[in-house]
Amino acid sequence: MLSPPLRIVIRAGRVASLETSNAQLESEFREYLGQHPNSNRAGEFAIGTNVGLTRIIGNFLQDEKFPGVHIAFGDPYGFETGADWQAPSHVDALASHATVTVDGRRIMENGRFLI
């Protein structure tokens, strides 16, 4: 877990704000997201469903399936996803203690499925 945490607020598919007590982390992340008009755009979003995983191990291809949220900002790899836009950047993030609400219904709280 990132300490102190970085809270990323997303509205209309883009990073709307960043919240952290780590000024350097916030500055570096903001700079990365600002390098292109689409760098702050959500290019991937998935909810990890492999409840058999008990910890994040540092292998991103496995860790992105860990119960929580996997999101990437920047290039959506349109050749694979069919997205009609691009960006020169791509940064992945994992939220292992995510709370997810869909259409007003909470489906995950603190990384634990409620349904």
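A residue counts as buried when its relative accessible area is under 20%, and as exposed when that area is over 50%. Keep these cut-offs in mind for this predicted model.

Select Phe29 first. Its relative accessible area is 13%, so Phe29 is buried.

Next, show the strands. The sheet is open and has three strands in the order S3-S4-S5, paired antiparallel. S3 and S5 (90-95) are the edge strands, each pairing on one side only. From one strand to the next the twist averages 15 degrees. S4 (residues 68-74) pairs with S5 over six bridges, and Phe73 stands opposite Val91 in S5.

Move to Gly43 in strand S3 (residues 42-48). Gly43 is buried because its relative accessibility is 17%. Leaving aside residues up to four places away in sequence, Gly43 touches Ala72, Phe73, Gly74, Pro76 and Trp85. Select Thr81 as well: its C-alpha atom is 9.3 Å from that of Gly43, at a separation of 38 residues along the chain.

The last stop is the other ring pair; the structure holds two aromatic pairs. Select Tyr77 and Phe79: their ring centres are 6.0 Å apart and their planes are at 65 degrees, so this pair is edge-to-face. Tyr77 is partly exposed at 32%, whereas Phe79 is exposed at 68%.

Definitions and conventions: Residues are numbered from 1 along each chain as its sequence is written. This is a predicted model: local features need pLDDT of at least 70, side-chain atom pairs count only at pLDDT 80 or more; totals for chains, interfaces and linings use all residues. Side-chain values use heavy atoms; hydrogens and water are left out. Helices (H or I, at least four residues) and strands (E, at least two) are DSSP runs, numbered from the N terminus. Buried means under 20% relative accessible area, exposed over 50%, partly exposed in between (1.4 Å probe, protein chains only). Contact means heavy atoms within 4.5 Å. Two strands pair if DSSP finds at least two bridges between them. Axes are lines fitted to C-alpha atoms, for helices over the stretch in contact, and angles run from 0 to 180 degrees between N-to-C directions. Rings of Phe, Tyr and Trp (its six-membered ring) pair if their centres lie within 6.5 Å; planes under 30 degrees apart count as stacked, over 60 as edge-to-face and the rest as tilted.
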